[in-house]
Amino acid sequence: MKIYITAFLFGLLFCNSVKLFAQNKKMSTEKIPAWVTADTVDYANTSLDNEAEDGYIDIAFEEQVLLEQQTAYYKKAFKIISEAGIQNRSQLSVDFDPLYQRLVFHNITIIRDGKRINKLDLGKIKVVQEETELSRYVYNGTLTAVIFLEDVRKGDAIEYSYSVKGFNPVFKGKFSENFDAAYGVPVYLLYYKIICAGNRNLEIKNSLLTTEPAITTAANQKSYEWKFTNVHALHLQDKTPSWYD
């Protein structure tokens, strides 16, 4: 189940100088942007825990995009429900392309017994270059920020958010994105949002679902929102091609 979004942007300027490349390799921290919608996450919900695999349960995944600022905000949260989950989810990673993107972390938090423990420390975040397509003689230059969380325990909830600033100039101002309404694992909350100018043309196509976005208009902007709760895992037949929806 997918939602396909295509937007046409005009008049955007891109800079790909060597100086910008050097700057974008660096990460930074900022507060969560004011335009981001803050969703309440229920960390006590356990109704889907029995469907979880690998020792953890996905609690929330959010993607919110502000087209005029070429910024995509992400928030992810999951809960460790067994000892296996400590090994499988004590490492976080975020990909970005330093040629045209900048990575900004907002928070990395462990929630334990109702208390929030700050784990955001740029000094402990490693940036590595993993060329996953070298076997096909493709060099993409993508960097991966890797965070190894210390002292993760069974029952912990881990929440982190970040923004990736900058769209690929190859598309010459056009923007497109796919929003999945179900994954191969259960998740308690899926939230998607796109903010664009009021006169911007945004085309939406649904695949295998009929959910329509909630559309609001204010201050010459339009906002499109999708929200899914208590989403069960979508299990596909073995050896189904990756391109098959």
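**From a strand pair to the core**

Lys 126 sits across from Val 146 of strand β9. That's a handy place to start in this predicted model. The two strands involved here are β8 and β9 (residues 143-148), which pair in the antiparallel sense over five bridges.

Now for the nonpolar interior. In soluble globular proteins, nonpolar side chains tend to be buried together. Here the largest nonpolar core has 42 residues, and those with the most contacts inside it are Leu 67, Leu 103, Phe 105, Ile 108, Tyr 162 and Phe 228. Strand β12 (residues 187-197) supplies the largest share of this core, five residues. Another core lies apart from it, with eleven residues, including Leu 48, Ile 59, Ala 157 and Leu 189.

Beyond its neighbours within four places in sequence, Phe 105 is in contact with residues including Met 27, Val 94, Leu 120, Ile 125, Ile 147 and Ser 161.

Follow that last one: Ser 161 is in strand β10 (residues 157-165). Is Ser 161 buried or exposed? Ser 161 counts as buried, because its relative accessibility is 0%. Its side chain also has a polar partner, with a contact of 2.4 Å to the side chain of Asn 107. Leaving aside neighbours within four places in sequence, Ser 161 also touches Ile 32, Tyr 73, Tyr 74, Lys 75 and His 106, among others.

Technical notes:
Residues numbered from 1 in each chain as written. Predicted model: local features only at pLDDT ≥ 70, side-chain atom pairs only at ≥ 80, totals over all residues. Heavy atoms only, no water. Core = buried A, V, L, I, M, F, W, Y, C linked by side-chain atoms within 4.5 Å. Buried < 20%, exposed > 50% of the residue type's maximum accessible area, 1.4 Å probe, protein only. Helix = DSSP H or I, 4+ residues; strand = E, 2+ residues; numbered from the N terminus. Contact = heavy atoms within 4.5 Å. Polar contact = N/O pair within 3.5 Å; in protein donor to acceptor, adjacent residues only side chain to side chain. Pairing = 2+ DSSP bridges.
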